[in-house]
Protein chains: 2
Amino acid sequence: MSKIVNIDWKPNKKSNEPVYKQIVNYMNKKVASGDWAIGNKLPAQRELAKAFNVNRSTVVMAIEELKSYGILEGLAGSGTVVAENTWSILMSSNETNWGSHLESGYFMESLPTIQTINEYEFVDKIRRLGTGEMSPKLFPKEYFNNALRKLSGEISSLNYLEPLGLESLRETIAKRMRSIGINANPKNVLITAGSLQALQLISICMLKKESTVYCEVPSYINSLRVFQSAGMRMKGINMDGEGIQYWNMKEENTNYDSVLYTIPTNHNPTGTTMSLNRRKELYSYCKANRIPIIEDDAYGELTFDKASPNTIKSIDESGMILYLGTVSKSFAPGLRIGWVVGPESVIERLGDVKMNVDYGASSISQLIINELFVNGDYDKFIVENKSRLRRRRDIMLNAMDKYFTEIGRWNIPEGGYYVWTELKDKISMEALFKNALSKKILLNPGYIYDIRNKNKFIRMSYIYLDEDEIEVAVKDLSIIIKEMKKS
Amino acid sequence: MSKIVNIDWKPNKKSNEPVYKQIVNYMNKKVASGDWAIGNKLPAQRELAKAFNVNRSTVVMAIEELKSYGILEGLAGSGTVVAENTWSILMSSNETNWGSHLESGYFMESLPTIQTINEYEFVDKIRRLGTGEMSPKLFPKEYFNNALRKLSGEISSLNYLEPLGLESLRETIAKRMRSIGINANPKNVLITAGSLQALQLISICMLKKESTVYCEVPSYINSLRVFQSAGMRMKGINMDGEGIQYWNMKEENTNYDSVLYTIPTNHNPTGTTMSLNRRKELYSYCKANRIPIIEDDAYGELTFDKASPNTIKSIDESGMILYLGTVSKSFAPGLRIGWVVGPESVIERLGDVKMNVDYGASSISQLIINELFVNGDYDKFIVENKSRLRRRRDIMLNAMDKYFTEIGRWNIPEGGYYVWTELKDKISMEALFKNALSKKILLNPGYIYDIRNKNKFIRMSYIYLDEDEIEVAVKDLSIIIKEMKKS
């Protein structure tokens with residue numbers, strides 16, 4: 001028989017801290033101090049409720065939280081026992097970086113949704129209607145495997161690389177940058193493990209705590225915690241058809257206490273491409289107001305209708321723009337290769353931090369993408385793939401016309417992956433997410449990109465489902481929404 | 001003619017802040033505010049010294065610092081001009097995370113050395129006598145390229161992976177872990193971009209700010225900034241021939257405010273392997289005192305004399321140890337693949353943070369290493385390579401006997417990469433580093449692993465130089481040291 005622990009304390013109901021949380025902290029402390037040892041049993045829930053003088057549901061909530069940290073464990077037939085200490089305790093009592101954001105209001109809603117999405121993406125036969133990655137069927141198998149085969153005759157070692165990344169790749173990228181009007185040499189280029197890592201490096205070594213990061217709203221960046229985790233505040237600026245309404249960044253910025261994060265081309269999630277005019281005005285405004293810019297060009301090569309305007313970076317002479325490129329959206333996310341282009345001194349600093357974070361991106365990934373850039377297959381694929389993207393876009397827009405005209409509005413993307421859909425009537429997005437899941441449809445609810453509009457938007461993407469599945473999925477989703485509106 | 005800026009201020013010589021630093025801040029503010037625009041010229045150094053009422057050398061120091069940030073630029077024939085603002089200003093005025101550590105005393109010494117090492121490693125014909133990576137000549141070309149060739153017929157897509165990493169790889173690793181006595185299933189395994197990233201993830205989401213990280217002293221971990229950057233304090237504990245003297249971790253640890261980082265097998269840089277007895281005692285002590293352990297087993301497979309004791313993790317039943325594995329030292333660092341083994345709830349949390357940091361390690365790297373594990377070539381290489389490592393170790397020890405007996409003492413490593421050499425007499429390590437460089441020898445001075453012993457130790461490694469180069473390099477180094485002692 002394992003020992004049953006003794007409850008010698010009651011929560012303070014007058015405290016500002018929720019009662020269940022007080023119970024969590026109490027139990028936590030008991031395990032941390034060693035008073036409650038691994039294997040010790042808790043009294044039955046009924047008795048706990050009595051001992052704490054609270055409702056049973058409050059006890060259940062506290063126990064569930066401690067179970068999620070692995071501190072308690074429910075054993076069938078023998079109640080709840082103390083399962084672990086040390087690392088679990090550290091995790092549950094953590095007050096730094098990520099911990100505090102897990103507890104902040106901002107992420108309480110989006111985090112579970114994103115975790116659920118991350119999980120369900122690997123469930124068999126799930127229909128990923130909102131996802132941000134290409135169908136495996138679009139993957140350029142032949143080009144990729146040719147590159148592998150070629151390299152398999154050539155690789156004679158695979159050691160750590162230069163702090164900024166493989167030199168030949170940086171030369172290739174600098175050349176590609178110059179071909180789109182961006183003035184760059186290899187020392188202006190840092191290779192990262194995707195653009196997300198570039199953002200992380202920038203946040204931990206370039207930005208001040210409590211500074212403001214402006215972004216479009218909605219924005220992909222709101223689904224992440226990279227800036228908030230480093231102590232920055234996000235501030236959303238509305239968009240119109242030409243892009244971000246920069247004039248609403250009203251603060252005084254004499255101390256470089258704010259930066260702008262923008263996705264000017266084929267914006268995620270709205271699909272908007274910023275007009276050339278807006279780009280120029282935005283640049284002038286930011287220059288005059290000393291707001292450095294992070295330009296995320298992840299979807300820049302994915303324009304399939306008319307050509308997009310030049311990057312903002314191409315009009316930058318002052319070094320105030322850090323440009324982010326990646327092959328994750330255009331070619332293959334699994335390579336985990338992106339790059340930052342900026343002033344030498346800044347790139348050098350970011351590279352030094354990268355060496356302290358993970359010693360550089362995978363060398364084999366860097367060799368592969370360099371081979372694909374140099375032998376021309378990457379660019380061939382980009383061109384070939386455009387017609388496929390356009391056709392998929394058209395299939396989705398046709399289906400939208402057919403099934404969504406009554407219930408929503410949406411943009412007409414000229415590139416990228418997404419149809420940003422606004423529902424005419426509010427609907428519980430959480431319920432929709434669950435109902436869709438029951439029909440094996442995995443959605444990206446709009447609120448993960450814009451918390452202010454909880455029940456209005458859905459990011460739909462035409463990039464993952466097979467062409468013949470797109471219409472069926474759009475139809476099935478419209479039926480679910482119409483059913484929900486009836487009831 | 002570009003405008004010459006006007007100096008309207010003088011430093012306060014009574015301030016605690018160094019005068020040169022005051023000048024840096026003044027110029028910084030002038031550029032940040034826009035008063036000094038890009039392209040504006042600074043007065044000549046002589047005039048600046050007069051205007052500030054300081055020595056010319058003070059002016060030079062301030063200008064050099066601002067040049068290093070890219071804010072000022074020296075143009076041949078036309079003096080110093082304002083080169084950049086925005087990002088450079090952000091960088092120079094940054095007070096968060098990395099910034100504050102760059103300015104803390106702890107890193108002021110080691111950082112430039114490590115940056116220099118990182119750079120010089122790529123200089124042609126440099127002799128890397130202290131490096132932590134294998135010679136390209138030891139790289140298992142055939143095994144690696146066979147794996148590439150095999151995969152080049154198989155890869156049909158390369159998308160994002162599960163939050164914890166490629167499932168088949170996690171299964172393979174869990175099996176390998178069980179074969180060395182560690183109880184693990186795939187849910188206990190998180191794939192990381194090398195062990196360094198594992199440490200970073202642990203530091204940002206598991207540890208409390210201002211908590212203590214104990215480590216051996218000297219320790220490889222002191223050459224990094226991963227824990228300090230997340231706000232932890234490092235505390236070195238002396239070692240003896242059996243390993244860390246754990247009983248010196250004297251603090252009261254009732255609040256889980258400290259953890260231990262240890263490399264028990266073929267320790268970096270001392271080469272010490274902790275005895276089985278010490279492992280058991282250490283574990284009991286940490287358990288009793290609630291000090292969670294991070295066990296870094298990077299060199300665990302590199303024992304070439306008698307077998308090493310089992311991992312500490314293999315005696316852990318409470319989940320208090322996070323175990324770090326990697327192929328960087330045993331096979332190829334360029335894959336950037338490591339793993340953490342720990343309780344499910346902890347691994348899940350670390351995996352969620354990893355998704356927020358870089359969306360996972362390179363998929364192709366994960367596929368390659370899984371192939372090499374499964375087809376047996378990885379293990380074949382490990383066995384074959386042992387005799388090569390042993391031979392190299394013997395060559396270096398013979399050379400040490402021949403040339404270093406008068407001037408130093410060293411350990412006899414039974415595995416790993418390093419001969420940790422203590423000089424009998426103190427010598428300026430900075431001067432030695434420079435003198436060695438002039439003979440094309442790149443050293444790892446001991447102070448980057450132990451700041452307390454600045455001028456006594458050198459980490460030498462037998463892993464990079466060719467067998468016939470080792471003796472010559474050891475000899476050349478001994479001559480340099482003997483020369484320095486004479487003068």
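**Notes on the predicted model**

1. Pro218(A) sits in the loop between strand 5 (212–217) and helix 10 (226–229) of chain A, where helices (H or I, at least four residues) and strands (E, at least two) are DSSP runs, numbered from the N terminus. The peptide bond that joins Val217(A) and Pro218(A) is cis, with omega about 0°. In chain B, the bond from Val217(B) to Pro218(B) is cis, with omega near 0°, and Pro218(B) lies in the loop between strand 5 (212–217) and helix 10 (226–229) of chain B.

2. On conventions, this is a predicted model in which local features need pLDDT of at least 70 and side-chain atom pairs count only at pLDDT 80 or more, while totals for chains, interfaces and linings use all residues. Residues are numbered from 1 along each chain as its sequence is written, chains are lettered from A and ligands numbered from 1 in the order in which they are written, and side-chain values use heavy atoms, with hydrogens and water left out.

3. On confidence, the model scores ipTM 0.87 and pTM 0.88. The mean pLDDT (the predictor's confidence in each residue, from 0 to 100) of chain A is 89, and 94% of its residues reach 70 or more. Over residues 95–110 of chain A, however, pLDDT stays under 50, and for this stretch the model has 41 contacts (heavy atoms within 4.5 Å) beyond four places in sequence.

4. On the interface, 101 residues of chain A are in contact with 101 residues of chain B. The two chains bury about 8,800 Å² between them, 58% of it on carbon and sulfur atoms; buried area here is the accessible area (1.4 Å probe) that two parts lose on being put together, summed over both.

5. How many salt bridges does the rule find across the interface of chain A and chain B? There are 2, the criterion being a side-chain nitrogen of Lys or Arg within 4 Å of a carboxyl oxygen of Asp or Glu. The side chains of Asp352(B) and Arg225(A) form a salt bridge at 3.1 Å, N to O. Helix 12 (residues 344–357) of chain A gives the most to the side of chain A that touches chain B, with 8 residues.

6. Asn53(A), in the loop between helix 2 (45–52) and helix 3 (56–68) of chain A, has phi near 60°, a positive value in a residue other than glycine.
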